Structure formats: C-alpha cells, structure tokens
Amino acid sequence: GWAKLPADTPLGPTLGGVAIDRAGLVYVSTDGPSGVLVFSADGKFIRSIAKEFSGIHGLTIREEGGREFIYAAHLKGNQVVKLDLDGVAQWTIGVAMESGLYKEKKDFKPTAFAVGPDGRIGAPANAGNAGENPAGRTGGRARTAVARSGRRPHVAARLGVISARRR
C-alpha cells in the first residue's frame with residue numbers, strides 16, 4: 001500500500017480525514033493511539049502528531065497570516081480544535097451547554113465543521129441538531145446560537161451554523 005508505517009506505529013481506524021499542506025505533506029487522522037499521522041507525498045511516514053486528539057472525524061488545513069493550521073472535528077473529545085502543523089492546540093470549541101440542546105458534554109458529537117469566508121466556524125452536532133460554539137482567539141465564548149433541522153445535518157454551512165469568528 002501507499003502508507004509505509006514503522007512496525008511500532010499502528011494505523012488504527014481511519015474514519016476521519018485527510019489533508020495536504022502546501023509543502024505536500026499528507027495528514028491522516030486516526031481513531032488509534034497515533035492521533036494524526038504525517039506522510040510524505042510518496043507515503044513515507046514522517047511523524048505522528050496530536051496523539052491527545054485521537055478520534056478526529058474531519059479535518060482541513062487553512063492558511064492564516066502565512067501559517068498553516070489544521071482545523072478538525074474531534075469526535076472523541078466532543079469539540080472542534082485548531083492545531084498548528086506540529087499538532088499543538090491553538091484553541092478548542094467545546095459543547096455549548098447553555099444552548100439547552102445537551103444534557104452532558106458527551107452529547108455533543110461533531111463530525112464535521114465549516115469555516116465561513118469571514119472566519120466564523122460552525123459544527124453540526126448530532127442527528128437532528130446543530131449547535132454553534134463561538135470562540136475567539138483564545139477559545140472564549142462570545143454567545144451561543146442554535147440551528148435545528150428535522151433531519152440529520154449534512155453540511156454546517158447549509159444550515160447557517162457558522163458562529164465562531166477567528167481573530
């Protein structure tokens with residue numbers, strides 16, 4: 001296969017995502033203990049990052065001010081995260097308990113997210129609900145709004161669930 005992993009680095013389930021940075025490195029999220037695996041374009045294993053964020057379900061790489069960052073829906077952690085390319089968290093957006101949609105943190109299960117053109121971020125939550133979790137530069141809450149749908153949310157932007165403005 002394409003991915004060439006060392007014997008001591010398990011791949012684990014890969015239900016998450018794949019993203020490529022401008023240098024051509026390939027980032028693959030896993031549900032296993034390795035977190036996010038980084039490969040060269042030809043499949044050579046480079047490193048493992050963000051082990052504490054194992055269970056990312058969707059990810060993308062965005063450029064901001066000349067730097068690239070990983071934005072990810074961290075299903076296992078019930079949050080959306082922004083990581084630098086070394087896997088260091090820049091901020092997290094957790095469950096908006098004040099929305100009234102969730103009885104417990106574990107009820108918020110983001111599987112995707114969208115970043116709007118103005119930098120606001122939204123994450124569809126569970127089937128039938130989509131919750132907004134605003135965050136600023138430090139991840140602090142500004143306000144909470146909620147969009148609901150009778151059906152499972154497909155794409156956050158379609159529901160208008162764009163909330164956390166990046167700064």
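**Notes on the aromatic rings**

1. Start with F39, which counts as buried at 1% relative accessibility. Keep in mind that this is a predicted model.

2. Searching the whole structure turns up four aromatic pairs. One of them joins W2 and F39: the pair is tilted, with 5.1 Å centre to centre and 55 degrees between the planes. W2 belongs to the segment before β1 (18–20) and F39 to strand β3 (residues 36–39), so this pair ties together parts that are 37 residues apart in sequence.

3. Now look at Y71 and W91. Their ring centres are 5.7 Å apart and the planes sit at 70 degrees; that angle is over 60, so the pair is edge-to-face. Y71 is in strand β6 (residues 67–74) and W91 in strand β8 (residues 89–93), so here the parts tied together are 20 residues apart in sequence. Both Y71 and W91 are buried.

4. Back to W2 and F39 for a moment: ring pairs link these two and F45 into a cluster.

5. Finally, check the charged side chains. Over the ring of F69 sits the charged end of K82, at 4.3 Å from the ring's centre.

Key. Residues are numbered from 1 along each chain as its sequence is written. This is a predicted model: local features need pLDDT of at least 70, side-chain atom pairs count only at pLDDT 80 or more; totals for chains, interfaces and linings use all residues. Side-chain values use heavy atoms; hydrogens and water are left out. Rings of Phe, Tyr and Trp (its six-membered ring) pair if their centres lie within 6.5 Å; planes under 30 degrees apart count as stacked, over 60 as edge-to-face and the rest as tilted. Helices (H or I, at least four residues) and strands (E, at least two) are DSSP runs, numbered from the N terminus. Buried means under 20% relative accessible area, exposed over 50%, partly exposed in between (1.4 Å probe, protein chains only). A charge sits over a ring if NZ of Lys or CZ of Arg is within 6 Å of the ring centre and within 35 degrees of the ring normal.
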